[in-house]
Amino acid sequence: MNLRAYKPLIPMMAVYAILIAIALSVEGMWQPVAYFMFYIALGQAFNIFLGLTGYVDFGYVAFLGLGAYGMGIAIQNFSHLGVIAIPIGIVLAVMMSVLLSLAVGAVALRLRGAYFAIATIGVNEGFRYLVEGVRLWGGTEGMILSGFMRKTFGREMTNFFSTFLADVLVIIVAFSAAVATIAILNRKMGYALLALREDEDAAKVMGINVTKYKIMAFITSAGFAGLIGATAWTLKLTYIFPEDVFNIHYTVEAIVIVMLGGAGTLLGPMIGGLIYGLMKYYLSVTFPGIQLLILAPILIAIVVAFPDGLMGYIKKKTRNSPLSEYLR
Amino acid sequence: MTLLKLEKVTKRFGGLTAVDSVDLEVEEGEAIGIVGPNGSGKTTLYNIISGVYIPDEGRVIFDGKDITTLPPHARTPLGLARTFQIPRPFGSATVRENVAIGAMFGRASMDVEEALKEADEYLKLIGIHQLRDKEARLLTPLEKRFMELARALAMRPKMLLLDEVMAGMHPSDIDKIIEILQKIRRDEHVAVVSMVEHLMHAITRFAERVVVMHQGKKLVEGETAKVLNDPRVIEVYLGKKVM
């Protein structure tokens, strides 16, 4: 393995270290930092698909939703085994979202560009109506796990899970998704995705099995989405409602974060997630009610000024400098 | 040994028969020119060989295998490589990365580091090594053409399909490209099929055999000098003698 190619993880680790230090040392900062980390994780996971392939999946939130239910089902059914229900939930979350991505990908990833986007737009809504309609996993009433968790894990442990462990797991998921991204970028798969993003027909003639590589990126991205749903939602909030976890709103946020930071870059989702999370959080504190009215024009201005995202801009500016090894 | 064999290949688009029952054989290491006016079916023929289109009738045999319905990406490892008339670089990648992608996914199937090293060799060979770190979309059309040739060569094909690759090149560049092509034919027995609409002089110096296409059919096929002096060819295509 060529460790030099992993250098861009160093600035990322530095930012994470600063965030964690602030969260632990400044009173009342743990929750805001956890909030930013959710958006960083969301961007990092979605970037593996949107950024690397150039395909937009409007149904992406369905993977988070299924991951959330995976963890919920594990807590409901395996909590008699004690804390081991959490790792079971994590495995189940990944399995469920990966299975869905295989099903969606096998059909929709044969479509090109906008057709793919349209084909995926109904996936999350479809799941929501399925869960509500056939009263699957509690139907519209969702899963309320807090009482259940307190009874089996104890009050202390439940609090620890939802106020600390869940957030730490989200940080780990975000970082793992970044490691997966750079591992892909450094491999043949990264070059295959770059080629198909630029010109899919030419890529095919160059010997690249485009469907295979798109599905690989899709599954990886979906797996991380499942982990985010399981940790940032189920474990942290201790409840699941279908209208929340299948809400297209999160897909749109993920798209904004990836575009803001720089699609297909390693550090972009971190920058995008941080900026988006910071602005959304502090605007809602200072201008409650009209925060989105202020946020939207700022986002539009950034995207117009930096069409390749902030990281895309930084990369271009540092192209021939020694810094470029650390920025990707 | 026969490398490529087309048997009665036909491709229709609606009412138009773009390629009409064409037979073609190419030997290992051979240099063939495919000439014909615009719309004569040359590009469709290339697309059938490279797998972009599946013919409505007929068979495509490459290296003893029937590849008629094989998808394009599965043909490349067998030893096919092509360039495009309008170059299709992977724009945001560097020139070096573009060529390395050829080495990674072509017959050579190299890993990333090996492919990047290999790319340097081919860039030097073609003479565009100084452009290696430039984004491919920033190249001039002519530079893109050189890059595409380097990319196709890096795939280490058994058969190289060139689409107007020498158009717009300086005569000294044409000399250089012809020399490179002759070298890979000699040393690696690569068959080179070169499609040309204009630039008859380059083809007369390079190809051993010429196929003239006209309205989707093979009009004449044979030794370059003979074919280009054939009265039918002069009538439908050349308008006057070229050699």
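**View 1. A parallel pair of strands in chain B of the predicted model.** Strand 7 (residues 159-163) of chain B runs parallel to strand 8 (residues 191-196) of chain B, and five bridges join the two. One of the places where they meet is at B:Leu161, whose bridge partner in strand 8 of chain B is B:Val193. As background, the strands of a sheet pair through backbone hydrogen bonds, and this pairing can be either parallel or antiparallel.

**View 2. The open sheet of six strands in chain B.**

**View 3. The open sheet of four strands in chain B, with a helix packed on it.** Here the strands of chain B are arranged in the order 2-1-4-5, and their pairing is antiparallel. The edge strands are strand 2 (16-27) and strand 5 (65-66) of chain B, each of which pairs on one side only. Strand 5 of chain B is joined to strand 4 (residues 57-62) of chain B by two bridges in the antiparallel sense, and within this pair B:Ile61 stands opposite B:Asp66 of strand 5. Helix 1 (residues 42-50) of chain B packs on the sheet, where it touches strand 1 (2-13), strand 2 and strand 4 of chain B, and its direction makes about 60° with that of strand 2 of chain B.

View 4. Once residues up to four places away in sequence are set aside, B:Glu7 touches B:Asp23, B:Gly58 and B:Arg59. B:Leu70 is 63 residues from B:Glu7 in sequence, and the two are 16 Å apart in space from C-alpha to C-alpha.

**View 5. The largest nonpolar core and B:Ala150.** This core has 181 residues, and those with the most contacts inside it are A:Ala41, A:Val170, A:Ile228 and B:Ala150. Its largest share, 15 residues, comes from helix 2 (residues 30-53) of chain A. Leaving out neighbours within four places in sequence, B:Ala150 is in contact with B:Val99, B:Tyr122, B:Leu123, B:Ile126 and B:Ile128. In soluble globular proteins, nonpolar side chains tend to be buried together.

**View 6. The contact between chain A and chain B.** Chain B brings 21 residues to the contact, and chain A brings 16 residues. On the side of chain B that touches chain A, helix 2 and helix 3 (95-105) of chain B each supply at least two residues, and helix 3 of chain B gives the most, with five residues. The residues of this side of chain B divide into 10 nonpolar, seven polar and four charged. As for confidence, the model scores ipTM 0.91 and pTM 0.92, while the mean pLDDT of chain B is 91, with 98% of its residues reaching 70 or more.

Notes
Residues numbered from 1 in each chain as written. Chains lettered and ligands numbered in written order. Predicted model: local features only at pLDDT ≥ 70, side-chain atom pairs only at ≥ 80, totals over all residues. pLDDT = per-residue confidence, 0-100. Pairing = 2+ DSSP bridges. Contact = placed C-beta atoms within 7 Å. Axes fitted to C-alpha atoms, helices over the stretch in contact; angles between N-to-C directions. Core = buried A, V, L, I, M, F, W, Y, C linked by C-beta atoms within 7 Å. Buried ≥ 20, exposed ≤ 12 C-beta atoms within 10 Å, placed from the backbone. Nonpolar A, V, L, I, M, F, W, Y, C, P; charged D, E, K, R; others polar.
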